[in-house]
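This report sets out the fold, the helix packing and the chain contact of the entry shown below. Each chain is treated in turn, followed by the contact between them.

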Amino acid sequence: MWEQVQKTDEEIAKSVQSGNTDVFGILVELYEEKIKRYARKFLSGQEDIKDVVQNIFIKAYENIQSFDTNRKFSSWLYRIAHNELVNALKKKKRSPLLFFDFDTFFPYPVEKSDPVQKVEFQEMRQILDKCLGKLDSKYREPLILYYFEELGYKEIADVLRIPISTVGIRLKRGREILKSIYQKLNQ
Amino acid sequence: MKPRIYFLLMDIFSYGAVILAVFFSVFFVSFILFTLKISGFWFLLRFGLLGFKIFIFSFPWLIFLAGLLSLLFIAFIVRNFEFSWKNPLLYTVLAILVLVLISGVATAKTSLHQRLFEKAGQNRLPLVGNLYRRYGLIQPKNTHMGKVLQKMEHTIQIESQDGQEIIITIPENGKLEYEKDIEEDDLIMIIGERKDKTIKAVNIRRIEDTQMIPLNFPTKKVK
């Protein structure tokens, strides 16, 4: 077991794929808290969160053979989590299924990382935590993945299946909206 | 745990569905181009506003819609492929559109539709035969084509698509501005009401390139 713990997530997943199904538990242990924290940003009921997280790991186990071990396991798992959470939210409130939105339709220049962002990182996390519920899910999810799960632009693009430039534009707009909500709250 | 073969089959199914949808889109695009060509539709645009109105009302919109739906279906499935969602959707849609249009134009230039059209006319084409019989040759109301047999001062005698000799009457008041240099053996398109073997011309234009399709072939009459 210790040998498995020393392996990367991708190597453990490969091991599961080749039949060593017991080691899937290591992946569950590694990601359970992260996925729970991620789900908590979208759902409020403890039972709901527990059920969704359980479903995410069941789906991951069932579909492990579709995971490309040359890619990042975390992005793949967050993708499953994203789908499950979207489904869970749809069940709660009927939202229209959009074929596309304009953010993904048109090309945008890729936003370069801004050094000021690093200074503001902690501050943004606090604002995000307070105003999360007031933010459109289109902007909420990339912000959570960026500030709480600390994923990079490419990984967020892989999780949400949107172009990297769209990740940049959504983070930028999300930050602006978030700041204006925060300012209104403090007035 | 789902076996690896399951995911492989799902991938094959997705790619297969896209290939099939591309095939249908190309078929519909080339079919529309073919039917516009043999029905002489492009020449309608030379008749000004009246021709444009007939063009719009007689256009095979149902086939156009079928082609459009196939394109949307392709875009919908292709969004699941990595190469697609990594780029703006606009690029994917444009790439599919260009691919289908180029392939459609190329297919329309082959003799494929002509052969299928002839087979459909002889009732030797299963499945899509009805499509060709119903939408292959569209004849808009009050629009006629024919070959000039004789030209007189106020009348033109033509051989119509149904092989009949028809007299086109041109109003004597000179209000009809038609191409005066029309000669014998020219193919012409006439807009005007036909009564038995006479057509009272509202407008006449010379046409080229269009094959004269015998009218004993079932056509769709557009009102």
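## Chain B: burial and overall dimensions

Of the 223 residues in chain B, 30% are buried. The model is a predicted one. Chain B contains 8 helices and 7 strands. Its radius of gyration is 22 Å, whereas the globule rule gives 17 Å for 223 residues; the value is well over that figure, so chain B is more spread out than a compact globule.

Along the principal axes, the C-alpha atoms of chain B occupy a box of roughly 85 × 40 × 25 Å.

## A buried position in chain B

Ile188(B) belongs to strand 5 of chain B, which covers residues 187-195. There are 23 other C-beta atoms within 10 Å of Ile188(B); because the cut-off for burial is 20 or more, Ile188(B) counts as buried.

Leaving aside residues up to four places away in sequence, Ile188(B) touches Gly146(B), Val148(B), Ile158(B), Ile182(B), Ile204(B), Arg205(B), Arg206(B) and Ile207(B). A separation of 12 Å is found between the C-alpha atoms of Ile188(B) and Ser39(B), although these residues lie 149 residues apart along the chain.

## Chain A: helical composition

Chain A has 10 helices and 0 strands. Its pattern along the sequence is accordingly written α-α-α-α-α-α-α-α-α-α.

Buried residues account for 30% of the 187 residues in chain A. Among contacts in chain A with a separation of 6 or more, 63% are between residues 24 or more positions apart.

## Packing of helices 4 and 5 in chain A

Two packed helices are described by the angle between their axes and the distance between the axes. In chain A, the axes of helix 4 (residues 46-62) and helix 5 (residues 73-92) come within 9 Å and cross at roughly 135°. Helix 4 of chain A and helix 5 of chain A are therefore oblique to each other, and the crossing is right-handed.

Helix 4 of chain A contributes Asp48(A), Val52(A), Asn55(A), Ile56(A), Lys59(A) and Ala60(A) to this contact, while helix 5 of chain A contributes Leu77(A), Ile80(A), Ala81(A), Glu84(A), Leu85(A) and Ala88(A). By class, the residues of the contact are 8 nonpolar, 1 polar and 3 charged.

## Packing of helices 8 and 10 in chain A

Helix 8 (residues 137-147) and helix 10 (residues 164-186) of chain A have axes 9 Å apart and pack at an angle of about 100°. Helix 8 of chain A is therefore roughly perpendicular to helix 10 of chain A.

On the side of helix 8 of chain A, the contact is made by Lys138(A), Tyr139(A), Pro142(A), Leu143(A) and Tyr146(A); on the side of helix 10 of chain A, the residues are Val167(A), Arg170(A), Leu171(A), Arg173(A), Gly174(A) and Ile177(A). These residues comprise 7 nonpolar, 1 polar and 3 charged.

## Contact between the chains

Between the two chains, 12 residues of chain B are in contact with 15 residues of chain A. On the side of chain B that touches chain A, helix 1 (4-38) and helix 6 (89-109) of chain B each supply at least two residues. That side of chain B has 8 nonpolar, 1 polar and 3 charged residues.

Technical notes:
Residues are numbered from 1 along each chain as its sequence is written. Chains are lettered from A and ligands numbered from 1 in the order in which they are written. This is a predicted model: local features need pLDDT of at least 70, side-chain atom pairs count only at pLDDT 80 or more; totals for chains, interfaces and linings use all residues. Axes are lines fitted to C-alpha atoms, for helices over the stretch in contact, and angles run from 0 to 180 degrees between N-to-C directions. Helices (H or I, at least four residues) and strands (E, at least two) are DSSP runs, numbered from the N terminus. Angles under 35 degrees count as roughly parallel, over 145 as roughly antiparallel, 65 to 115 as roughly perpendicular and the rest as oblique. A crossing is left-handed if the near helix is turned anticlockwise from the far one by less than a right angle, and right-handed if clockwise. Two residues are in contact if their C-beta atoms, placed from the backbone, lie within 7 Å. Ala, Val, Leu, Ile, Met, Phe, Trp, Tyr, Cys and Pro count as nonpolar, Asp, Glu, Lys and Arg as charged, and the others, Gly among them, as polar. The radius of gyration is taken over C-alpha atoms; the globule rule is 2.2 Å times the number of residues to the power 0.38. A residue is buried if 20 or more other C-beta atoms lie within 10 Å of its own, exposed if 12 or fewer, and partly exposed in between; C-beta atoms are placed from the backbone.
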